[in-house]
Amino acid sequence: MSPWTVAVLLSCCFVGFVTAERLSCYDCFLETDELKCNTTYTCKEGEVCYINRLIGDFYGNPCLYNLGCKIIEECSSLQEQLQTGNPSPTRIRDGDAIDYMDCCTTPGCNRHRITPPSDMCVVQN
């Protein structure tokens with residue numbers, strides 16, 4: 001086998017290995033219903049899937065949802081802030097408030113109905 005053939009085979013194996021390591025997550029920004037997100041994205045290395053709920057007044061929508069990939073440490077930090085018994089939503093950049101954050105590590109794990117629903121949100125069927 002020629003060195004060129006060996007190099008091509010090894011590079012194919014390496015690309016396959018790297019791709020297998022990356023997580024596929026649902027990816028939507030400012031969606032009105034978390035279950036309507038149908039777009040997927042392959043995360044970068046070191047990222048996990050996340051879903052969060054923003055509460056406020058978004059042109060008539062009391063709640064909006066973001067789904068996608070986040071760096072593990074950033075996701076965990078936001079999730080921890082919300083799970084430490086903080087009774088009020090956590091303010092983030094631009095003044096938005098997050099009242100729910102979930103990080104997960106299996107393919108497509110970030111598209112689910114958030115329960116319990118916020119008192120401020122109308123659950124869409």
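Residues are numbered from 1 along each chain as its sequence is written. In this predicted model, local features need pLDDT of at least 70 and side-chain atom pairs count only at pLDDT 80 or more, while totals for chains, interfaces and linings use all residues; side-chain values use heavy atoms, with hydrogens and water left out.

The protein chain holds two helices and seven strands, where helices (H or I, at least four residues) and strands (E, at least two) are DSSP runs numbered from the N terminus. Along the sequence, these elements come in the order α-β-β-β-β-β-α-β-β. Of its 125 residues, 35% count as buried (buried means under 20% relative accessible area, exposed over 50%, and partly exposed in between, with a 1.4 Å probe and protein chains only). Among contacts (heavy atoms within 4.5 Å) with a separation of 6 or more, 60% join residues 24 or more positions apart.

Ten bridges join β4 to β5, and the two run antiparallel. Their hairpin has two residues between the strands, and there Y59 takes a positive phi near 55°. β4 is also joined to β7 by seven bridges, again in the antiparallel sense. C49 stands opposite C69 in β5 and opposite C104 in β7. β5 in turn pairs antiparallel with strand β2 (residues 28-31) over two bridges, and E31 stands opposite Y65 in β5.

What does the largest nonpolar core contain? It has twelve residues, namely Y26, C28, C37, I51, I55, C63, Y65, L67, A97, Y100, I114 and C121. Such a core is a set of buried Ala, Val, Leu, Ile, Met, Phe, Trp, Tyr and Cys residues joined through side-chain atoms within 4.5 Å. Returning to I114, its contacts, leaving aside neighbours within four places in sequence, are E34, I51, R53, Y65 and Y100.

C109 lies in the segment after β7 and is buried, with a relative accessible area of 17%. Leaving aside neighbours within four places in sequence, C109 is in contact with C49 and C104. C109 and C49 are 60 residues apart in sequence, yet 7.0 Å apart in space, C-alpha to C-alpha.

Helix α2 (residues 72-83) has twelve residues and reaches 16 Å from its first C-alpha to its last, close to the 16 Å expected at 1.5 Å a residue (the expected span is 1.5 Å times one less than the number of residues). Its buried residues are C75, L78, Q79 and L82. Seen down the axis of α2, these fall within an arc of 100°, so they line one face of the helix; the arc is that of the directions from the helix axis to the C-beta atoms. The face of α2 turned away from this buried side carries the exposed residues E73 and E80.

How values were computed:
Two strands pair if DSSP finds at least two bridges between them.
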